[in-house]
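Hi,

Here is the structure I promised to pass on. Have a look at it first, and my notes follow below.

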Amino acid sequence: LKIAGSSPDLAAEHLDAAHRLAHDMKGQGATFGFALVSDIGAALSALTFERVEATPAEIQAMLAHVDAARAVIAAELEDPDSPEALKVMGDLQAAVRANLH
């Protein structure tokens, strides 16, 4: 995603790759016990669907999804209602609001 923002001529290719990865996250997160990764993947998939370019703010919002998924996996947050999981998702929502609104 960072390359998509810094290299406009490669943006479509990298956004498509990000979309495919997000789609995989959406489908496989719950399989491995991380329902939140599926939710994050679904949101990132929607943000990257059929994109050929993205503003720096949009890239930041997309990267916030990647950071959230990493946090979920690193902390092994299997319970989406745990305080830690709620904080990760709250932080993601705040990042999206800050960059997309």
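Before anything else, a word on accessibility: buried means under 20% relative accessible area, exposed means over 50%, and partly exposed is what falls in between, all with a 1.4 Å probe and protein chains only. Please keep in mind that this is a predicted model, so local features need pLDDT of at least 70 and side-chain atom pairs count only at pLDDT 80 or more, while totals for chains, interfaces and linings use all residues. Residues are numbered from 1 along each chain as its sequence is written, and side-chain values use heavy atoms, with hydrogens and water left out.

Let me start with Glu76. Glu76 is exposed, with 59% relative accessible area, and sits in the loop between helix H4 (56-74) and helix H5 (83-100). (Helices here are DSSP runs of H or I with at least four residues, and strands are runs of E with at least two, numbered from the N terminus.) The phi of Glu76 is near 50°, which is positive although the residue is not a glycine. For background, most residues other than glycine have a negative phi.

Glu50 has a positive phi too, near 55°, and is not a glycine either. You'll find Glu50 in the loop between H3 and H4, and Glu50 counts as exposed because its relative accessible area is 66%.

Back to Glu76 for a moment, as there is a charge story there. Together with Glu78, Asp79, Asp81 and Glu84, Glu76 forms a negative surface patch. The rules for a patch: residues need over 30% relative accessible area and no salt bridge, with like charges joined within 9 Å and nonpolar side chains (Val, Leu, Ile, Met, Phe, Trp, Tyr) within 5 Å. Asp and Glu count as negative and Lys and Arg as positive, with His and the chain ends not counted. Each charge is placed at NZ of Lys, CZ of Arg, CG of Asp or CD of Glu. The areas themselves come from the Shrake-Rupley method with a 1.4 Å probe, and for residues only the protein chains shown count as cover.

Now the salt bridges. There are 4 in the structure, a salt bridge being a side-chain nitrogen of Lys or Arg within 4 Å of a carboxyl oxygen of Asp or Glu. Among them are these:

- Arg20 and Asp16 pair up at 3.2 Å, N to O. Both are in helix H2, 4 residues apart, about one turn of the helix. Arg20 is partly exposed at 47% relative accessible area, and so is Asp16 at 39%.
- Asp67 and Arg70 pair up at 3.9 Å, N to O. They are separated by about one helical turn because they lie 3 residues apart in helix H4. Asp67 is partly exposed at 47%, whereas Arg70 is exposed at 57%.
- Lys87 and Asp91 pair up at 2.8 Å, N to O. Both belong to helix H5, 4 residues apart, about one turn of the helix. Lys87 is exposed at 53%, while Asp91 is partly exposed at 42%.

On to the inside. Which residues have the most contacts inside the largest nonpolar core? They are Ile40, Val72 and Leu92, in a core of 15 residues. Helix H3 (35-48), H4 and H5 each supply at least two residues of this core, and H5 gives the most, with 5 residues. By nonpolar core I mean a set of buried Ala, Val, Leu, Ile, Met, Phe, Trp, Tyr and Cys residues joined through side-chain atoms within 4.5 Å. In soluble globular proteins, nonpolar side chains tend to be buried together.

Leu15, in helix H2 (residues 11-28), is buried at 0% relative accessible area. Leu86, in helix H5, is partly exposed at 49%. From Leu86 to Leu36 is 9.9 Å, C-alpha to C-alpha, and 50 residues in sequence. Glu53 lies in the loop between H3 and H4 and is exposed at 58%. The C-alpha atoms of Glu53 and Leu1 are 11 Å apart, and the two are 52 residues apart along the chain.

Cheers
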